[in-house]
Amino acid sequence: MILILLLGLCGSIFATTPPAQFTGHVVGAGLTGGTQVVIADLNNDGKPDVIAVASGRKELIWFENPNWKPHVLAADLPGLSSLAVGDVDRDGIPEILVAHEYADDPKKSLGILSVLRHREDPRKPWKISEIDRIPTSHLLRWARVGADGQKALVNAPLSGPNAEPPDYGGNTSLVLYRPGAWMREVIPGEIEGAIRGVHVADWDGAGREDIFTAGSSGIHQFRLERDSESWTITELTKRESANVTAGSLGKRGEKTRFLASLEPSPVTQISIYKQDSKLGWRRQIIDEGLARGGALLAVDLNGDGNDEIVSSDAGQNRGINLYYSVGSKGEQWHKSVLDSGDFAASDCAAGDLNGDGLPDLVCISATSGLLKWYENKGLTKLH
């Protein structure tokens, strides 16, 4: 597939009008090495709660909405790296799949994958059962890949079992687990080097979700073909990527899909990729010169049909930034600051936490150990 580099379309500017107004609240602290935040209703009360993954803590903690009281899901999970939440048994309270005993060096990483199930009182520690062990099990995501619409769990290790840091040479494979049996299925095909980001999206609206990986050898798309039930892998770009997410622009029926990528070399840039039927994938840089990125999320914050991009900078201008397109073509992106208070987010999630119909943001920082809720106070129409 042809990659067209549109280096001249660096359309990011600082704007005085953000896409929405936010008020920040600290939900939790002491979450050393915070790497992931997940929004889910864990006690079946209709209010979305927040789970924080912190590699510097052995406890997996969730915060109960609305008073944000912390509860321990499991107390002896060193090396926490990722989790995915899904109501497998359909009892109204989800199961939690968690990767732990993680280390960057495959030889020092057990890479344990476990499932947590609630007890009678979900506020008490949950039951834990081991499913599998794969060194550097790193990123867990649910993906709707079955013809029947059922979801399977995707496990993306950082690298292959024999790789050596920091280069992580050799090939890395994705692994799939079907709920219930939880048997390991290796997805055919391999990626050269480390996988550092994973995003799942129904790219063509056909009902099945594709898996997008970001890593040292670029961005790849894994797709389970409906007709042949076989996997295909498409290389979208060779440019190194630390994270990837998918979003869309425009009104329903006229949507333009895009991928956003954090690209760390030679300086961290945020790039947008849009698919062109004739030219292939077109690249547009919307920000550059960032010291180091972390969080990357696409979500419509102001209800105008266009997804905004949430990202962070861990450099001199430490904080969280919002990028938004005025209009539905995405040729010009504007930038506003969500949080400049020395808070570099390693991960963010979106959800309506207070039931007012507006999408809020929850972000976690590995450096400060803080978990913050950014309450959406009102929308700004940008066009």
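Trainee: Which order do the strands of the open sheet of 4 strands have?

Mentor: In this predicted model, the order is β4-β5-β6-β7, and the pairing is antiparallel.

Trainee: Which are the edge strands there?

Mentor: Look for strands that pair on one side only; here those are β4 (34–40) and β7 (69–74). From one strand to the next, the twist averages 25°.

Trainee: How many bridges join β6 and β7?

Mentor: Strand β6, residues 60–64, pairs with β7 over 5 bridges, in the antiparallel sense.

Trainee: Let's move to the rings. How many aromatic pairs does the structure hold?

Mentor: There are 6 aromatic pairs. One of them is Trp203 with Trp281, at 5.7 Å centre to centre and 35° between the planes, which makes the pair tilted.

Trainee: Where in the chain do those two partners come from?

Mentor: From distant parts, 78 residues apart: Trp203 is in the loop between β18 (195–201) and β19 (210–215), while Trp281 belongs to strand β25, residues 280–290.

Trainee: Which residues do ring pairs link into a cluster?

Mentor: Trp203, Phe212 and Trp281.

Trainee: What sits over the ring of Phe343?

Mentor: The charged end of Lys372, 5.1 Å from the ring centre. You'll find Lys372 in strand β32, residues 371–379.

Trainee: Is Lys372 buried or exposed?

Mentor: Its relative accessible area is 14%, so Lys372 is buried.

Trainee: Which side chain makes a polar contact with the side chain of Lys372?

Mentor: That of Asp339, at 2.8 Å. Leaving aside neighbours within four places in sequence, Lys372 is in contact with several residues, including Asp339, Phe343, Leu361 and Val26.

Trainee: How many residues apart in sequence are Lys372 and Val26?

Mentor: They are 346 residues apart in sequence, yet 4.5 Å apart in space, C-alpha to C-alpha.

Terms used. Residues numbered from 1 in each chain as written. Predicted model: local features only at pLDDT ≥ 70, side-chain atom pairs only at ≥ 80, totals over all residues. Heavy atoms only, no water. Phe/Tyr/Trp six-rings, centres within 6.5 Å; stacked < 30°, edge-to-face > 60°. Helix = DSSP H or I, 4+ residues; strand = E, 2+ residues; numbered from the N terminus. Lys NZ or Arg CZ within 6 Å of the ring centre and 35° of its normal. Pairing = 2+ DSSP bridges. Axes fitted to C-alpha atoms, helices over the stretch in contact; angles between N-to-C directions. Buried < 20%, exposed > 50% of the residue type's maximum accessible area, 1.4 Å probe, protein only. Contact = heavy atoms within 4.5 Å. Polar contact = N/O pair within 3.5 Å; in protein donor to acceptor, adjacent residues only side chain to side chain.
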